[in-house]
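Please keep the sequence and the model in view while reading.

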Amino acid sequence: MSEVEINLSEEAAAILKAPQQTWVEDGEGAWHAFYAGHQMTLSAMSGPGPKTYQLSYLGLVAQGFTDPQVAMASGGAFAQEVFDYLGEMISD
């Protein structure tokens, strides 16, 4: 790989200054947190049966959480898995 200098745009720098991995409720039943400058969302799934929750991040979802606190605590590991998954889609 060639040496490339990576810099933050002003927009990215502002986003990364926001608290990372801090969950905030939006008042409509969902929770949001920034991971690596991108928003992750925790939302309740609707449908029959017991209430479950899902995390969504960069277009990928993890479903089936029965406790929102467990889902929130899983956010970092999920973000890592998302980046690993996306990284596998990139070839040199």
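## A glycine between two strands

Glycine 37 sits in the loop between E2 and E3. The model is a predicted one, in which local features need pLDDT of at least 70, side-chain atom pairs count only at pLDDT 80 or more, and totals for chains, interfaces and linings use all residues. Residues are numbered from 1 along each chain as its sequence is written, and side-chain values use heavy atoms, with hydrogens and water left out.

Helices (H or I, at least four residues) and strands (E, at least two) are DSSP runs, numbered from the N terminus. Glycine 37 is buried, at a relative accessible area of 11%. Buried stands for under 20% relative accessible area, exposed for over 50%, and partly exposed for values in between (1.4 Å probe, protein chains only).

Which residues does glycine 37 contact, leaving aside its neighbours within four places in sequence? They are Ile15, Leu16 and Gln20; contact means heavy atoms within 4.5 Å. The C-alpha atoms of glycine 37 and leucine 16 are separated by 5.2 Å, and the two residues are 21 residues apart along the chain.

## Residues of strand E3

Strand E3 covers residues 38–45 and includes threonine 41. Glutamine 39 and serine 43 are in strand E3 as well. Their accessibility is listed here.

| Residue | Relative accessible area | Class |
|---|---|---|
| Glutamine 39 | 42% | partly exposed |
| Threonine 41 | 15% | buried |
| Serine 43 | 19% | buried |

Glutamine 39 has a side-chain to side-chain polar contact with histidine 32, at 3.2 Å. Threonine 41 also has one with histidine 32, again between side chains, at 3.1 Å. A polar contact is a pair of N or O atoms within 3.5 Å; within protein, one must be able to donate a hydrogen and the other to accept it, and residues adjacent in sequence count only if both atoms are side-chain atoms.

Glutamine 39 is in contact with His32, Ala33, Phe34, Ser56 and Tyr57. For threonine 41, the partners are Trp23, Ala30, Trp31, His32, Gln54, Leu55 and Ser56. Serine 43 touches Thr52, Tyr53 and Gln54. Between glutamine 39 and isoleucine 15, which are 24 residues apart along the chain, the C-alpha separation is 9.9 Å.

## Aromatic pairs

How many aromatic pairs does the structure hold? There are three. Rings of Phe, Tyr and Trp (its six-membered ring) pair if their centres lie within 6.5 Å, and planes under 30 degrees apart count as stacked, over 60 as edge-to-face and the rest as tilted.

In one of the pairs, the ring centres of tyrosine 35 and tyrosine 57 are 6.4 Å apart and the planes stand at 75°, so this pair is edge-to-face. Tyrosine 35 belongs to strand E2 (residues 31–35) and tyrosine 57 to strand E4 (residues 52–57), so the pair ties together parts that are 22 residues apart in sequence. Both tyrosine 35 and tyrosine 57 are buried, and the relative accessible area of tyrosine 57 is 1%.

Tyrosine 57 also pairs with phenylalanine 83: the centres are 5.9 Å apart and the planes are at 80°, so the arrangement is edge-to-face. Since phenylalanine 83 is in helix H3 (residues 75–87) and tyrosine 57 in strand E4, this pair ties together parts that are 26 residues apart in sequence. Phenylalanine 83 is partly exposed, with 35% relative accessibility. One aromatic cluster is formed by Trp23, Tyr35, Tyr57 and Phe83.

## Loops with positive phi

Most residues other than glycine have a negative phi. Glutamine 21, which is not a glycine, has a positive phi near 60°. Its place is the loop between helix H1 (10–17) and strand E1 (24–25). Leucine 58, also not a glycine, has a positive phi of about 50°. Leucine 58 is in the loop between E4 and strand E5 (60–65) and is partly exposed, at 37% relative accessible area.

Tyrosine 85 lies in helix H3 and is partly exposed, with a relative accessible area of 48%.
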